[in-house]
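Take a look at the structure below.

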Amino acid sequence: MKRIVLLYLLPFFISLSLVYLFAFNPSVNAYFFPEKPVPNYRDMPAYIDNFNGHPYFEENFLNPAWKENTIYVLGSSELSEGGEAIPYTFIPRHYKNFRVQGFGHAGNQCFSIFSQLLANTTKLKGAKIVFIISPGWFESKPTKGTSSAIFLEYNSDRYLKKILTNHNEEDGVFKAYAEKRVNELYSEFNSPNLPLKLMSFEHNFSKSILHKAVFALPMICDYQLLSKKKKLGCERTASPAPADAELRRVMKPAGTVHINWDSLLSYSKAETLKKVTNNSLGIEDSYYTEFIGSKRGKIEPVKESLNTELQDFIMLVELAKAKQINATFIISPLNPFYFQNQPAIQPTVDVITGTISKNGFSYLNLLESDTAKYEKAILHDVMHMSDYGWYQADRYIVDQYKLDSVTVDHYILTTP
Amino acid sequence: MLPFSSYEFFIIMAIFIAAIAACKFFIADKNYKYVLLFFNALFLVTVYPKPLHFFLLIAYSYFFTWLISDVLKVQKKIIGILVLLLPMLLVKFDIRFDFYPFEMNNLLSFAGLSYASFRIVGYYMDKSPNDRMTDIPTYFNFLSFTPTLLIGPIDKFARFRTSQNTGFSSINEANFIPGWNALVKGIIFKYAIAELISRYWLNVFDPSSREALHMLNNMYAYYIYLFFDFAGYSWMALGIGKMMGMQVPVNFTNPFLAVNPQDFWRRFHISLGDWLKEYFFTPLYMFFTRKKSLKKYPLTRQNISLLLTFTLMGCWNGFKLNYILSGFLFGLYSAVHNTYVAECKKKGKDVVFGNMNPAAVKFISIFIMFNLVAVAMYIFSGRCPLV
Amino acid sequence: MKTQNIKTFFLNALLYGAIAIVLYLLYSPLNDDPANKTSSSIQFVYQQF
Amino acid sequence: MYVIAIPKIIYLCYLCASFGSMQTEELKKFIQDEIVNVAFKKVSFEESLIHSKLLDSITMVDLIVSIEEKIGKQIPQHLISDDNFDSIDKIINTVNQI
């Protein structure tokens with residue numbers, strides 16, 4: 001026993017404490033890992049796919065200085081399509097002093113969005129946020145919820161640390177939910193960062209006295225490291241933009257013409273239908289020949305209790321309500337000619353719309369499962385909106401945030 | 001949290017080891033298995049993902065082993081094996097049911113399933129119809145012993161039980177120091193050497209590149225990386241096991257020095273080699289040897305058995321071309337070597353090397369074997385652009 | 001026996017110190033090697049081997 | 001089918017009976033000779049066969065099958081292990097357990 005302690009454990013602790021001193025010494029660290037300059041504020045592009053590739057936008061996301069004249073559109077794959085009609089292009093070009101920030105790409109599902117918002121709770125009150133809800137999230141495999149890889153793209157350790165150190169009591173239920181979900185994804189993470197570990201441990205810690213006994217020591221160590229980490233300067237990031245930065249970016253409309261929505265819609269509908277000639281499904285020719293042909297899709301509905309994505313969505317709506325977000329929801333369509341059993345998704349969509357209404361938010365439901373009522377021009381493929389679809393969304397956003405009395409630039413519109 | 005996935009695991013293990021060692025002073029020697037049971041179950045419940053799955057697998061395998069061997073007394077072992085492997089086969093074949101749109105994988109697969117299945121089959125094969133079922137705590141410990149839970153080594157039941165019987169008395173200085181040293185060795189292998197290889201050699205070359213130099217680098221880097229990573233795990237498991245009072249079998253002894261395929265499987269992932277030999281190769285070869293019609297072709301039946309055994313090993317990794325092909329390749333190596341040995345015996349001399357200096361023969365053998373294994377591992381890795 | 005023990009002590013201290021420094025250099029949060037970053041999807045090569 | 005089996009059973013009973021009276025020494029000698037056949041070495045009754053790597057898995061099976069043919073009975077799977085067949089004495093013990 002004496003031998004073990006003296007010859008093995010003692011050298012171990014000596015080396016451990018030496019390295020401890022060593023690793024938390026700024027000059028040693030500066031020698032091995034020279035500091036890299038932190039990029040300063042850059043203009044926020046109208047569309048950002050994720051934070052992983054653009055960490056300097058993190059601090060500007062929901063920047064309070066821009067609250068009044070910025071609308072955030074959060075969603076998944078449809079936002080990366082671009083085009084004239086997409087809100088983050090259309091609205092700033094036509095509405096004075098208003099910009100729209102598109103954010104998200106394929107796979108940015110409810111839990112990812114939930115966690116991004118939860119990391120910024122102090123900035124949420126009154127923020128104008130449009131959630132583009134894709135019905136595809138709520139059927140088949142995506143019902144498992146945001147994948148671990150996508151989650152990491154949007155939730156850096158800085159964001160997660162904000163969630164972890166948010167001790168506000170009214171956010172407790174949301175924090176606990178985030179911890180539970182992180183714990184479910186936990187075994188998929190390679191070399192998880194400290195906040196991820198601690199979120200998972202916090203969830204386990206709360207389960208029972210046995211869990212407490214097992215997790216207490218690791219958690220003490222990790223919290224210790226977390227506080228040291230800040231001193232090491234591992235969390236350097238860009239500071240938020242100055243308050244007037246955004247105004248420089250807004251396009252000033254040249255003329256003042258009132259948008260005639262009805263003619264714009266009928267025009268874009270006709271334009272979209274011109275591109276559909278080789279099929280009766282209402283899918284654009286090139287997409288049809290490349291991906292569809294004789295193939296047909298099948299909706300695979302999942303029971304509500306097993307549908308993790310639906311639970312995530314409900315929590316997202318509740319967070320929006322609790323934090324008084326000026327939120328609205330747009331449910332994007334699916335093509336019922338392609339998804340031949342599309343009515344199967346209806347019960348799930350009813351839960352979605354029910355949740356939205358129950359929490360006092362408004363929504364635009366573009367999903368139509370009845371092939372007789374479905375407008376073939378609304379999508380350009382099987383689940384992504386065409387210009388016609390987007391104009392409907394634009395009109396809804398404009399109405400919702402009462403932008404309709406503003407002047408408009410004429411140069412892109414060629415209404416008949 | 002999975003075993004060995006982050007440093008917190010070692011903190012938890014340190015707590016467990018200290019607690020088990022402390023129990024030695026309060027609890028009778030014969031009750032060691034209950035202490036071990038408590039800590040294994042505690043780890044599963046608190047730390048492991050999907051503990052319920054693991055408990056159900058243990059219950060399933062215990063029940064069916066009892067049913068098949070004690071109640072129904074099924075003579076054909078293969079039926080029992082198929083029943084016991086059912087959960088794993090469902091996962092490996094990725095079977096879907098219509099009522100649930102996910103693959104079965106999502107419901108059934110959980111970390112440690114493959115290794116648990118190895119142990120379940122091992123217990124079933126070793127159990128004679130006259131033996132009564134072992135007590136549940138020992139069976140539970142055998143399947144869920146924390147250090148070997150995820151990545152082996154694959155212990156044998158008899159060895160595990162013997163070791164468990166002397167559990168508390170094995171917690172002493174004479175076991176702790178080798179255990180500690182094994183743990184340190186494992187940490188160096190896995191977290192320092194394997195990580196260095198992975199960062200500065202393995203990941204430097206694009207795996208999809210078809211340039212010969214890149215492929216060679218990928219091939220050797222992967223083999224050496226795999227050895228250090230995997231051997232690191234095995235040494236850490238052995239070390240932690242020893243400190244807890246359990247003897248965990250050694251899994252790696254210098255595979256780079258292997259002179260022939262047989263020697264290789266006695267050095268590389270020894271417990272898997274033994275498992276395959278005992279529960280697959282021997283019964284299969286026995287089956288062929290007992291067949292009167294095959295009496296005249298000893299070499300053929302040996303080689304077919306070898307090929308089938310290693311192809312099965314490939315299938316076990318998953319029904320993918322790269323796994324099956326690498327398994328087949330290992331089978332081929334063994335069959336060729338077996339034929340060579342048989343020829344040597346028949347002719348009474350070394351048919352390839354003749355009367356060459358034994359040291360030179362050994363050196364050449366090691367060189368050839370190292371490269372052959374590297375090729376097979378390269379295919380196994382799925383990083384080979386040609387497969 | 002005594003000198004043997006002292007030798008073991010210093011050898012161990014040296015070895016553990018060296019390991020700890022290597023581990024610090026490899027896994028320090030300041031080391032921004034891609035392998036040191038949190039990533040997703042775990043490979044169960046060993047489970048399958 | 002059962003009719004065909006009857007002579008077989010009678011034959012087996014005969015073999016069992018003859019095995020009972022067969023000298024253990026005879027079997028030992030037989031195994032010793034078999035080992036010379038498969039491994040080209042004459043071993044004593046206590047010498048290690050498997051742990052000493054004299055026999056590998058192939059030669060071990062060859063030996064087991066020839067013992068089975070000699071005694072006319074199959075050795076069940078659960079008895080086949082390295083420890084049970086490590087020396088001629090141990091093999092005799094194992095065979096007696098059937």
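## A helix in chain B

The buried residues of α1(B) are Glu8(B), Phe9(B), Ile11(B), Ile12(B), Met13(B), Phe16(B), Ile17(B), Ile20(B) and Cys23(B). Buried means under 20% relative accessible area, with a 1.4 Å probe and protein chains only. Helices are DSSP runs of H or I with at least four residues, strands are runs of E with at least two, and both are numbered from the N terminus. An α-helix has 3.6 residues a turn, so residues three or four places apart point the same way.

Helix α1 of chain B covers residues 7-23, which is 17 residues. From first C-alpha to last it reaches 25 Å, close to the expected 24 Å. That expected span is 1.5 Å times one less than the number of residues. The cover over its buried residues includes parts of two chains. Chain A brings α8 (194-205) and α9 (209-232). Chain B brings α2 (32-46), α9 (167-170) and α11 (212-244).

## How to read the values

This is a predicted model, in which local features need pLDDT of at least 70 and side-chain atom pairs need pLDDT 80 or more, while totals for chains, interfaces and linings use all residues. Residues are numbered from 1 along each chain as written, chains are lettered from A and ligands numbered from 1 in written order, and side-chain values use heavy atoms, without hydrogens or water.

## Chain B meets chain D

Contact means heavy atoms within 4.5 Å. Here it takes 24 residues from chain B and 19 residues from chain D. The buried area is about 1,900 Å², and carbon and sulfur atoms give 58% of it. Buried area is the accessible area (1.4 Å probe) that two parts lose on being put together, summed over both. On the chain B side, Met286(B), Arg290(B) and Lys345(B) lose the most area, together 28% of what that side buries.

Four salt bridges link chain B and chain D. Each is a side-chain nitrogen of Lys or Arg within 4 Å of a carboxyl oxygen of Asp or Glu. Glu68(D) and Arg290(B) form one, at 2.4 Å, N to O.

## Chain C meets chain A

What is the count of salt bridges between chain C and chain A? It is zero. Yet 25 residues of chain C are in contact with 31 residues of chain A. The two chains bury about 2,200 Å², 66% of it on carbon and sulfur atoms. Tyr24(C), Leu30(C) and Thr38(C) supply 29% of the area that chain C buries there, more than any other three residues.

How values were computed:
Buried means under 20% relative accessible area, exposed over 50%, partly exposed in between (1.4 Å probe, protein chains only).
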